[in-house]
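This report concerns a single protein model.

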Amino acid sequence: MRITPLFGRKKKKPLPEMTRGEALACKPVKNLDIEETRADHNRIVLAYPLRMKPIFADVAKKYGLWKGGRPPMKRLELDDMGSLVWDMIDGETSVKKIAASFAKKYNVLPREAEVATAAFLKDLGKRGLIAFSMNS
């Protein structure tokens, strides 16, 4: 007999695996809630709301820890390479095309550019700054 706990974490279902080609064909899309400003030397600073677990967010709201009812904002300053990639995110350009432009601009091997670009975009996705469209 299998006993399931009443409380505790539910196991997340794993996402289906993507092939390399499918991943490179994805088109990143910017989150419209992100505040984007240009800093010195054309670098980009992104401001986005801090994500909290709902219970902590409720406590923060209840005790007035959020100014104006809005969650606190985090900031992320992109370097030149990150700014190049960010500027190419338009919902139409695939990860493969972004990586190819990156490889050409910084004179790196295409495979290296793909790995670096994919890792950067994955990090932006985890922060909620972008999503991916899989439409062809």
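## Basis of the values

The model is predicted, so local features need pLDDT of at least 70 and side-chain atom pairs count only at pLDDT 80 or more, whereas totals for chains, interfaces and linings use all residues. Residues are numbered from 1 along each chain as its sequence is written, and side-chain values use heavy atoms, with hydrogens and water left out.

## Salt bridges

Seven salt bridges are found in the whole structure, the term meaning a side-chain nitrogen of Lys or Arg within 4 Å of a carboxyl oxygen of Asp or Glu. One of them joins Lys 96 and Glu 114, with an N to O distance of 3.9 Å. Lys 96 lies in helix α4 (residues 95–106) and Glu 114 in helix α5 (residues 110–126), so this pair ties together parts that are 18 residues apart in sequence. Helices here are DSSP runs of H or I with at least four residues, strands are runs of E with at least two, and both are numbered from the N terminus. Glu 114 is buried, at 9% relative accessibility, while Lys 96 is partly exposed at 47%; buried means under 20% relative accessible area, exposed over 50%, and partly exposed in between (1.4 Å probe, protein chains only).

Asp 123 forms a salt bridge with Arg 127, the closest N and O atoms being 3.1 Å apart. Through shared partners, salt bridges also join Lys 30, Glu 36, Arg 38 and Asp 87 into one network. Within it, the side chains of Glu 36 and Lys 30 meet at 3.7 Å, N to O. Glu 36 is partly exposed at 35% relative accessibility, as is Lys 30 at 24%.

## Helix α3

Helix α3 (residues 80–88) has Gly 82, Ser 83, Val 85, Trp 86 and Met 88 as its buried residues. These pack against β1 (27–30), β2 (35–38), β3 (44–49), α4, α5 and β5 (130–133), where contact means heavy atoms within 4.5 Å.

## Lining by class

The lining of the largest pocket has nine nonpolar, two polar and five charged residues. Nonpolar covers Ala, Val, Leu, Ile, Met, Phe, Trp, Tyr, Cys and Pro; charged covers Asp, Glu, Lys and Arg; the others, Gly among them, count as polar. Helix α5 gives the most to this lining, with eight residues.
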